Amino acid sequence: MNKTNWKKALLAFTMAATTMLSAVGCGARGTGGAGGADNVDIDTTKSQLYLKYYNGGVNRVWIDDVISQFERDYADVEFETGKKGVQIIKDFDKSGISVSAIEKNPNQVFMLVGVEYYDYASNGVMMDISDVVQKGAALSPNQKEEATIETKLRESQKSFYQLDRGDGKKYYALPFFESFMNLIYNVSVFEDKKLYFAQGKDGETETWSDEDLKSSKVEDLFVKRATAPRSLGPDGKTGEIDGVNYSADDGLPATYKDFQALLTCMVRRNVIPFIWNATSTDYLTGLANEAWVNNEGAEQFMLNMSFEGTADNLVALDDKGNVQYNEDGSVKMRDATEITPSNAYELHAQKGKLDAIEFVKMMMGSSDYRYGESFKMDFRATQRYFLNGNVDGLTDGKDIAMMVEGTWWNSEARSDYASEEDRHSEDRKFAILPLPKSDISKVGEKNTKVSERQTLIFINNFCADYAVPIAKEFVSYLHSDRVMNVFSKDTDMLRALNYELTEDTIQGMSYFGRSAYEFATSANTDVIEWLPTSNTTKKNGTLLDWASYGFSTTAGGKNPYLYYFEESNAKVSPATYFKDIYNNYKNSWKIS
Amino acid sequence: MASGKSMSKNKRSGQIFFWTMVILPLVQFCIFYVGVNFNSIILAFKSYENHTGVIVQDWVGFENFQTILHDWNTSLLLKTAVKNTFKYLAIDILIIMPATMLFAYYIYKNFALSNLFKVLIFAPSIICIMVLVIFFKGFMEDAVSQVIYKTTGTYIESMFLKRKYAFYPLTIFYIMFGFSGNILIYLNAISNISTSMLEAATIDGASEFKIFIQIVLPSIYKTCVSLLVISVSAIGSNQAYLHSFYGSSNAPEYARTLGYHLFDLVATSGVDGDNPTQYPIASAYGLVITFIVAPVTLTMRWLLNKYGPSED
């Protein structure tokens, strides 16, 4: 071979090797690899169903139980000729899968977090499961629930999940779990440190100045004994009225002024009010969204999800976006305003948002209010410190009263408990703090919670024919009240559907799970979804990204807590920050 | 005759072998380079919608470019990103490049601890970046914070989430990593300089500094130009490791670069992120950046080659 041939051969080999290597790389990504699949032997006497499950904070204990039960319930069913029963092959890890990888992925049923429904559905990788949704959930091979799964969906969910891909409206996925962001409070700390407002102290702080609220005067507001009668809390009622229990929030801060007094009292009593994490700062944005939603109420807030309707809670602004005030110093409100896509930026003048900023500013009011490492820690460390910080000597002898976390935290943090018994112990008392109202006139209004993250269950549209009936049966099975109870009992969480928990489930949950369930399903709480409901908002989905929609400024910041973390902004009034957000949207409004 | 036949046979089988091996890479090049880039360019003039469950792509002319102009006029984010991008470019050119050259020369000359330096400086290139980022974050947030607290009494709650401090650790990390990436290239370039020339200069009594400036630098000038050209041409995609430090879309706006901004645009597309509805805008951004950067890069290369020092 001469020199030129050698060169040619070398070039050819190099190119071929490079191609092969990249092809191998593509292949591994393309198939998704089923990398997390449990290493099990295939039982050739049974039909196999391949399941991909996002094994994050929710944990896998419940789904392992459900799979075992499903395999037992369907042990005698022939889905394929010559085979009896089902073997579910588990691919459980903390990862998602790209749309392009689904076709070649061996998994047939997917249970994922942070999935863009429209992207997956429009690419045809999700199977039409309308027949599953519009029938009762499977209880066993021959038994279904009477009510259809569709009746368990909220109206906003029906609007979001039904798509018309040219052959009528169809469902291609179902929502998985509820994902609120919360202030989780340590009930034991509240009891031990007597941090409950005493009976008769309702509304007492309304006339107090800021100096009063940060002085020793606050000590008089709180109970002297842990068991002493407490104030009415943000719902303004106590006891059972018309079948609704209003006692759960007794003694908790009803208004922002109460909340400020509570923070002062906590610091005085050597308690750290808050802890949060720095690796997922969007948890903080989520909490600000919750404050906005809670002050705005479900109906008015949902205008943001449609850009259509009448807004009757908008702050009056001058032409520069400055907040206008009445003579008595209260914020001036506008007359009812018709909202259309062209002027929907006006929704950024909702009073609830101004109130939310005030709440954020209060929480950020002093570095004493947060655990010193909060802006350095990851979410698992945060959970550990909140649960065991004082006992383990991590917090200099101080208890931490509240943590910013999602509904999944107690399931995610299970390894931080000594045991499952410890997690379920009555000594481990945690609950969702109902966010206080902006002022006393709002006390008694309902709590509103918003579920932000898209978590989906769907079937691979490229699922082998033999597996389609098994996959549909399994998805149906997952949506029976019984199985959803299994989910709630183990995880302390709720599926994002309407269903009742049985007494057995409630008793089997931890204190946190029970209180979260009572809170979320109370007649005094509205639960909404952060999902676009009109064609315009669906088309402009990126604008509605929950992590940026609420608090984006002209400079580009979108997290109100990080905004007030900056020393240069510490003195910026909520009204000024509010004006910046409003002007940002007004000046850049562009709807396609 | 027989020999001629045999040669022709050999040539034919050589051709078959060559094309068999080359066809696949060529097809791959056509699809994954030409096709992808062509599609990217086309996408900049299209819209992409899927909210009905069906993908709809329409020609929208220059609408995506108008959106970029609109963003530029109405938000500071883009301007901040451009400013930061140039800040990192300046760091590349004014700090990383000269320092790397000096270290490469130091190692080449086998001065004290040069082998240790070689390992230490090159280590970041072979260790997973996430490991380094976690290590570095811990070092800054714990150790450095503690030192500052003990010496000045100032407690820094976060090195990475406060505007006042964030630039420093990010820049230190950027320099550390920039160092390691290029040092082997410079070392290799310096190794190709004739040793006799260097020895002659030493015998003539030239100082190390003089040798570096008058012999080494002109000799490796082509390498410098190449690396400079690469730095400038990559400004649109330089994320400055922000994704490794902050993850998707969590980097504070004051720290963002154009590369991270583009990444964020794609990563946060849709209600919950990762929906291609924003890809056309991202493609348009790519074209705009190319239109600005390409002529600058080519002109710069031409100027540097024309007016730079000569080995002669």
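This report describes charged side chains and the domains of chain A in a predicted model.

## Domains of chain A

The domain assignment divides chain A into domain 1 (47-179 + 452-528), domain 2 (194-268) and domain 3 (296-360 + 530-588). Taken over C-alpha atoms, the centres of domain 1 and domain 2 of chain A lie 41 Å apart.

## Salt bridges across the structure

Side chains of opposite charge can pair when their charged atoms come close. Over all chains, a search of the whole structure finds 40 salt bridges.

One of the salt bridges joins Asp128(A) and Lys170(A), with 3.7 Å from N to O. This pair links distant parts of the chain, 42 residues apart. Asp128(A) is in the loop between helix 4 (117-122) and helix 5 (130-133) of chain A, while Lys170(A) is in strand 7 (residues 169-171) of chain A. Asp128(A) counts as partly exposed because its relative accessibility is 27%, between the limits of 20% and 50%. Lys170(A) has a relative accessible area of 19%, so it is buried; the cut-off for buried is under 20%.

Lys201(A) forms a salt bridge with Glu204(A), and their closest N and O atoms are 3.9 Å apart. Glu204(A) has 33% relative accessibility and therefore counts as partly exposed.

## A buried pair and a network

Lys449(A) and Glu290(A) also meet through their side chains in a salt bridge, at 3.4 Å from N to O. The two residues belong to distant parts of the chain: Lys449(A) is in strand 17 (residues 447-451) of chain A and Glu290(A) is in helix 10 (residues 282-296) of chain A, 159 residues apart. Lys449(A) counts as buried because its relative accessibility is 5%. Glu290(A) has a relative accessible area of 1%, so it is buried as well.

Elsewhere, Arg414(A), Glu420(A), Arg423(A), Asp490(A) and Asp492(A) are joined into one network by salt bridges that share partners.

## A buried lysine without a salt bridge

Lys538(A) is located in helix 21 (residues 535-539) of chain A. Lys538(A) is buried, yet it has no salt bridge. The nearest side chain of opposite charge belongs to Glu308(A), 10 Å away.

Which residues are in contact with Lys538(A), leaving aside its neighbours within four places in sequence? In chain A they are Tyr118(A), Ser159(A), Phe160(A), Pro532(A) and Thr533(A), and from chain B there is His51(B).

Methods: Residues are numbered from 1 along each chain as its sequence is written. Chains are lettered from A and ligands numbered from 1 in the order in which they are written. This is a predicted model: local features need pLDDT of at least 70, side-chain atom pairs count only at pLDDT 80 or more; totals for chains, interfaces and linings use all residues. Side-chain values use heavy atoms; hydrogens and water are left out. Helices (H or I, at least four residues) and strands (E, at least two) are DSSP runs, numbered from the N terminus. Buried means under 20% relative accessible area, exposed over 50%, partly exposed in between (1.4 Å probe, protein chains only). Lys and Arg count as positive and Asp and Glu as negative; His and the chain ends are not counted. A salt bridge is a side-chain nitrogen of Lys or Arg within 4 Å of a carboxyl oxygen of Asp or Glu. Contact means heavy atoms within 4.5 Å. Domain bounds come from an automatic or database domain assignment.
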